[in-house]
Amino acid sequence: MLIKIYDKTGILKAELSPENSSTQVKEIQGDNVLSLSFTLPRHIALDVDDYADFMWERYWLTKQYRPKQKSTGEWIYNLKMYGVESLIKNFLVIKSVDGDNEPVFTLTASPREHLALIVKCINDGFGTNDWKVGIVEGVDNIVIDYRGKYCDEALRELAEKVGVEYWGEGTTVNLCRCEHGEPLTLGYDKGLTSLDCGDADNVKFYTRLFPVGSSKNIDQTKYGSSRLRLPGGQRYVEVNADKYSRVDHYEEAAFSGIYPHYTGTVSSVRSEELTGEDGNKFTVYYFKDNNLPFDPNQYEIGGLVKRVSFQEGSELAGLGNEDNGTYYFEVNFDSATREFEIITIWPYDDGTQLPGTTLVPKPGDRYIPWNIRMPDEYYRRAEAELLDAVNKYNADHALDVAVYKAPTDHVWIEQNNIVLTVGRRVRLESEKYFPGPGYRDSRITKITRKVNLPSQMDLEISDALSRRTLDKVRDNITGIKNYVESGKAGLPDIIGTGDNTPFTDTNILSALRTIKEIAKRALSRLHDDEAAGLIKFLAGLEVGTYKEGLSGAKIDADGNAIFGELLTWLKATLAQLQVNGASEFRGQLSSEDFISGFIGGKGWSIFKREVLNALGIPETKYTAEFDDIVIRGTLRVFTMVISQLLGENDNRIFTGMMEVDHYDPATGRVYLQTHDGKFYNPFRKDDYIMVQQYNGMPSGENDHYITKHYELIITDAGCGDQSDGEDRLDWVELKNFVSADGRAAADVISKGDTFTRVDNATDADRKGLIQIITVGTATPYMDIVYGMKTDPDNYLKGRLGNLQGIHHHLFGWLDGFGELLTNLYAVGDFRLRRTGESIDAKIEMLKAMFATRYSNLRYELTEDDNYLRNATFDETMDGWTVQDDGKVITSNGKALLMNGNTYVADGRIAGIEQLDGRNVLHIKKSMIRQANALIRKPGTHKEYVPPAHNDMTDQWVDVKDTLYMSICFFAKSDGTLTIGMSGATSEPGSLPVPATVAVTSSMEWQDLQ
């Protein structure tokens, strides 16, 4: 795995191969961290906002990083880069009012309004509009003090008060349980290599809950308790007590918002201007509630001042004094006028009073009075409300807190193309952990992924989330007060046509964006359109108005097609072709491979050719060439030419030939004429013999066969007695006799037949022949034939002359005069037909052009093909460990230069210098080394394997790459040079590794290979 680090402007700063300890860690409500460990041969200063990409996500540095120096050429890096989810901790939650950004404020609002405010601050921080509100659970108002609170802290507090989780999907922020996707079945040996059960960190497990009610509006002398109790005085509630032993849990914060109370509505408001003791005037505000069913003065609690808290929608909501997160105003109540007086306060440094100016009560505002004892019926109602909240708390938090930790089987993950993300639903199978059903439905809460092998992950699967130490102190699962109206609060944010927000299951598109995406992703039924991917028509396809045999076209589900007319510009490949009407072929018609000729011929063809008649006018002639033709009716021939397999006349075959004298069926020998003892038997064991020659006009004697054709294999051969002189007859014995008409050898072989060797079944040195054809279709030409019968698909190894009679499976129809060869080794001058230029001269000219620009292009020409990194040293020593302790000679504090380079005292030197206008490596009494991890590993390549002895097949096979090492150097003094790979092994025939060679000084560049 190669990781690239860029600066914030996108300029590449480093390419690195991370060590195996490098990981990516993602968890619900946690950071998204890319931890990289690596070693480089140089120091690179990494700065804030430098970034790297991994697994389709971007990670940034959030602070400057400086590596640890281990030696002069070894720097160790261990850095953490953070995903976009972690960057939100950089942004404060700010309330913008009339252009004024206020980081200190309190908001009482619904969960969606809180989340929308936080998302707006995230967008402002990133300078985009891509972040959107997704799914939000909870509808009741909650109060959050945003005093200097960062976005990640605000999201966590919001999730805790609502009693859910916050999580991001792309740039969509959701406030609900993080769980998505279809359940993926996992288990030991099914995607997991092991399974271990533990507990979620800092998550409380209990079987007996002691709920602690609120003390608001409770008068112990009247109620009998200082806090709200469960109905009937019940002290605790049990959960799963039948499964587990007793484990107690105490909870107060979750129920602090439940107490006996009355929610009233302001009916009227009046104000009165008064003068204070300091002589300054101020305004007092009064309000009435015409529906208030009791007199608060009759329900006072000794020592407490009556208070009211205004609810969301009022200008005074979230304002006033604060008591444990609840904002209030102290009030007096006039029993005679049934009027509340709000005690004025001055909470700001500028002397502004509250209520005052625009922040005043108004008719319709909702409020809750407290610090008073309530009528008895409110206590029964509050106790029932507390019981409902306790039951919901148990349903939400009496979870199985087991965390199942499991490493993945990376092979299984890759083979099944599994993509795992936090929140992914899983069905965890285990008969031992889950007796009975044998599985548990849960979700992934944390993934630790290997950077060098992304499919290798450590998973944590749990219903409960691990919680941070700070959460453990407070056990902050709050917000249960919203239990009455839990559900979705409004729709997620809308993605418009210009937004770049990634699509998820938790956001929605605007109407125009929906139309745009449909137009981009689906084929139009109204307009011309095109598809960029494969389209499958499972039930078939009809084009136009299809009427069978009349109009339109149709392709059914089995691939059967009916067209009015079918035109292909290049090629149509059909398994079978059935033509019911007339047909025409305007070009050539042939088998896949066709080679014209008698001995070297293969395949069949009907092809046309242009000829000039006696007047010089071109005419089109058609020629057909087949192996056999059977005609049941009349054959009318205007001109008949019968070719024989003989080594004479216009067409010649160069191979072993001899005429038959007679065949002796008793001995199975064929005796051959020696023409007065001049010829000697050319045949050997396993020679393949072919005979074809004129058999005379059809008659009863030749069974009406004009030509004679038979083939056989020789089993033995010999020469006659030399003492017979001119009457000597040589002989052969045969097997596997085959004739065209099916007759036996005794009935076919006769005097004058010419035995012609065309192949040999076993001897690779007797498989070839040469034929020269000067008369016939597409002549003249010369064929090199090898393995005509033992390798009938590949026997033509070359043709020189007219190539028109060849249809090649790679080149199609060949044309004109030339050569078709298997291999070409040539010495001499090659010239281009169009320009007359010598190819050799052209190559030399191009070499000269490259040489003039070699120093500039050398890096681009060699680096991509080199197995070593930065083997040309054109820019830096990147990738190399260097031994260099030479000291720069200075004069008056400045480096002393010689020939444009610094003058260095004696010592080990390894660095880049300029020579002949380009950068080169200067090495003296030193060495450079490249780590094995940086060297590209050899693989395999295809190589052509020609036919071998007794094996006529040629093929392309996979061959392991061989590394060739070469170095170009300029030696200023005699010495030794060692080059190679330490610890490597060399195969037979190669140099030892590493190899040490003697070097002689020279003023010329030298090459070592």
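Both Phe683 and Phe755 are buried, where buried stands for under 20% relative accessible area with a 1.4 Å probe and protein chains only. This is a predicted model, in which local features need pLDDT of at least 70 and side-chain atom pairs count only at pLDDT 80 or more, while totals for chains, interfaces and linings use all residues. Residues are numbered from 1 along each chain as its sequence is written, and side-chain values use heavy atoms, with hydrogens and water left out.

**Aromatic pairs**

- The structure holds 29 aromatic pairs, a pair being rings of Phe, Tyr or Trp (its six-membered ring) with centres within 6.5 Å, counted as stacked when the planes are under 30 degrees apart, edge-to-face when over 60 and tilted otherwise.
- The rings of Phe683 and Phe755 are tilted, because their centres are 6.4 Å apart and their planes stand at 55 degrees.
- Phe683 belongs to the loop between β45 and β46 and Phe755 to strand β49 (residues 754-760), so this pair ties together parts 72 residues apart in sequence; strands are DSSP runs of E, at least two residues, numbered from the N terminus.
- Tyr710 and Phe737 also form a tilted pair, with 5.2 Å from centre to centre and 35 degrees between the planes.
- Since Tyr710 lies in strand β47 (residues 707-718) and Phe737 in strand β48 (residues 729-739), the pair ties together parts 27 residues apart in sequence.
- Tyr710 is buried, with a relative accessible area of 0%.

**Aromatic cluster**

- One aromatic cluster includes Tyr262, Phe287, Phe294 and Tyr378.

Notes:
Helices (H or I, at least four residues) and strands (E, at least two) are DSSP runs, numbered from the N terminus. Buried means under 20% relative accessible area, exposed over 50%, partly exposed in between (1.4 Å probe, protein chains only).
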